[in-house]
Amino acid sequence: MAERASRSTVRLDANVIQRAACAGADPETFFVREADTAAVELAKDICRGCPVLRECLMQGLRSNDRFAILGGTTPEERRLIRRRVAYKRAVAA
């Protein structure tokens, strides 16, 4: 998993990092296989109630990260969010 963490392109804003519920947590907690539902839920539990959840999610969506739990979402969940947003934009155009 350390390899996944080191390959991640996410560089969260320092203000977000300082205020995040995960500040001080082991980064490996957020680089888990999506098939490991218990590990995913553990990471998401940390995200729940985070004061910067929305900012983290937005940065995760912009970065197109494929490895980390960000903003309480898995990479697959963020992919679906991006698809929904693109669809809504296409329909509105």
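Cys50 is buried, at a relative accessible area of 14% (buried means under 20% relative accessible area, exposed over 50%, and partly exposed in between, with a 1.4 Å probe and protein chains only). Cys22, by contrast, comes out as partly exposed, with a relative accessible area of 30%. The structure holds 0 disulfides, a disulfide being a pair of cysteine sulfur atoms within 2.5 Å. For Cys22, the nearest cysteine sulfur is that of Cys50, 6.1 Å away, and Cys22 is in no disulfide. Cys50 is likewise in no disulfide, and its nearest cysteine sulfur is that of Cys22.

All of this comes from a predicted model, in which local features need pLDDT of at least 70 and side-chain atom pairs count only at pLDDT 80 or more, while totals for chains, interfaces and linings use all residues. Residues are numbered from 1 along each chain as its sequence is written, and side-chain values use heavy atoms, with hydrogens and water left out.

On the overall fold, the chain has 5 helices and 0 strands (helices are DSSP runs of H or I with at least four residues, strands are runs of E with at least two, and both are numbered from the N terminus). Along the sequence, that reads as α-α-α-α-α. Of the 93 residues, 33% count as buried. The accessible surface of the chain is about 6100 Å², and carbon and sulfur atoms hold 55% of that surface; these areas come from the Shrake-Rupley method with a 1.4 Å probe, and for residues only the protein chains shown count as cover. As for contacts (heavy atoms within 4.5 Å), take those in the chain with a separation of 6 or more: residues 24 or more positions apart account for 57% of them.

Helix α4 spans residues 53-63. Its buried residues are Cys56, Leu57, Gln59, Gly60 and Leu61. What covers these buried residues includes α2 (14-19) and α5. Just after α4 comes Asn64, with a positive phi of about 60 degrees, even though Asn64 is not a glycine. Asn64 belongs to the loop between α4 and α5, and with a relative accessible area of 44% it is partly exposed.

Over in helix α3 sits Ala43, which counts as buried at 0% relative accessibility. Which residues touch Ala43, leaving aside its neighbours within four places in sequence? Those contacts are with Thr29, Phe30 and Ile69. Ala43 can also be set against Thr74: the two are 31 residues apart in sequence, and their C-alpha atoms are 9.6 Å apart in space.

Now for the charged side chains. Side chains of opposite charge can pair when their charged atoms come close. The structure holds 5 salt bridges, each being a side-chain nitrogen of Lys or Arg within 4 Å of a carboxyl oxygen of Asp or Glu. One of them joins Glu77 and Lys44, whose closest N and O atoms are 2.7 Å apart. Glu77 lies in helix α5 (residues 75-92) and Lys44 in helix α3 (residues 37-47), so this pair ties together parts that are 33 residues apart in sequence.

Another salt bridge brings the side chains of Arg78 and Asp65 together, at 3.5 Å from N to O. Arg78 is in helix α5 and Asp65 is in the loop between α4 and α5, 13 residues apart, so to speak a link between distant parts of the chain. Are these two residues buried or exposed? Both Arg78 and Asp65 are buried.

The side chains of Arg48 and Glu41 also meet in a salt bridge, with 3.2 Å from N to O. Arg48 counts as partly exposed at 49% relative accessibility, and Glu41 is partly exposed too, with a relative accessible area of 35%.
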